Amino acid sequence: MVLYKLEDFEPSYRDTFEGQDIKGLGVYTQGTDEKVGTVSDVLVDEEGHFRYLVVDLGFWIFGKKVLLPIGRARIDYNVDRVYTIGLTREQAENLPEFDERQTLDYDYEERVRGVYRQPTDYPLPLNTSLDASLPLEATAPVDTTYQQPVTPTYARDNYTYENEPSLYGLNEQDNQTLKLYEERLIASKRRQKTGEVSIGKRVETDTARIAVPLEKERVVIERVTPADAGTVASGREADFREGEVTRIELHEETADVRKEAFLREEVRVKKVVDQETVETQETVRREELDVNSGNLPIEER
């Protein structure tokens, strides 16, 4: 039978106890109200049922931790105490020390059970429930009816905690608590990817046209009759020379086109968040108290 520390089995166990923590509660003997020690941890089985309280016996035996079966404990959150049922100082001295570094096995638990099975001045609970399969939130109320214990014998292969309700059962005869539960809708949000937008650039080509005005020189020969035509020219003016040539340079413009890159526009990419309210509905359940007392008077507070 594998046992786990309460916090290792259920890290959020304090929520089950509505914020209360059993660890750290003082342990007292029932009847004498003598302080025994402090609860340092709780051991539960594979289904989360309380099996042992780990008690630091600092007030009785310094530096020793022992296991207290849950059936021998009564938890009272009203005074923040745990009362032991039938635990004596002599038993505490005979209990094997609990070492959390060692694995609990059947032999070790038998040594623990053997000490608690011994007859003492404190009788064991009578009519203890055979059902020890109570959930984590169960507590052990007072049982005021007792009988003398009978030491049983069990085999390793068929032993279960239900075999000994006096050690592991939670008696509910004197104080019973009926818890009423209701369901509530708890809303949460989950972020998920709905898609992806890819933004890039591509190069497109187009044919651009540009008009360039060009100048081109040409020679125009004009023959005109001067106003003094027909007059006699002097010998110096009439200088007849063979092969006289006049040269005129002609020019023309050609188009020189080149390409330059200019900033055309700027594209800014950003995300905006749109908010919307989504309403949903579910059927929730709620427990109500149904009292059937016949003709007996009932007082509700």
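Predicted model: local features only at pLDDT ≥ 70, side-chain atom pairs only at ≥ 80, totals over all residues.
1. Aspartate 8 has a relative accessibility of 59% and therefore counts as exposed, the threshold being over 50%. This residue belongs to helix H1, which spans residues 6-9.

2. Beyond residues up to four places away in sequence, aspartate 56 touches Val36, Gly37, Thr38, Ser40, Lys64 and Lys65. Glutamate 97 is 41 residues away from aspartate 56 in sequence, and their C-alpha atoms are 9.9 Å apart.

3. The largest nonpolar core comprises 41 residues. Within this core, the residues with the most contacts are Ile22, Leu43, Tyr52, Leu53, Leu57, Leu67 and Val82. Two or more residues are contributed by each of strand E3 (35-44), E4, E5, E6, H4 and H5.

4. Which residues does isoleucine 22 contact, leaving aside neighbours within four places in sequence? They are Leu6, Val39, Val42, Phe50, Leu53, Ile75 and Tyr77. Isoleucine 22 is also among the core residues with the most contacts.

5. Helix H4 covers residues 106-117, 12 residues in total. From first to last C-alpha, H4 reaches 16 Å, close to the 16 Å expected at 1.5 Å a residue. Its buried residues are Tyr106, Tyr108, Glu109, Val112, Arg113, Val115, Tyr116 and Arg117. The cover over these buried residues includes strand E4 (50-56) and strand E5 (65-69), together with helix H3 (89-94) and helix H5 (165-168).

6. In strand E6 (residues 73-76), Ala73 and Ile75 point one way, whereas Arg74 and Asp76 point the other way. As a general rule, side chains in a regular strand alternate between the two faces of the sheet. Are the four residues of E6 named here buried or exposed? All are buried.

7. Strand E6 pairs with strand E7 (residues 81-84) in the antiparallel sense, over four bridges. Aspartate 76 stands opposite arginine 81 of E7. The two strands form a hairpin with four residues between them. In the turn, aspartate 80 has a positive phi of about 55°.

Key
Residues numbered from 1 in each chain as written. Heavy atoms only, no water. Expected span 1.5 Å × (residues − 1). Buried < 20%, exposed > 50% of the residue type's maximum accessible area, 1.4 Å probe, protein only. Contact = heavy atoms within 4.5 Å. Pairing = 2+ DSSP bridges. Core = buried A, V, L, I, M, F, W, Y, C linked by side-chain atoms within 4.5 Å.
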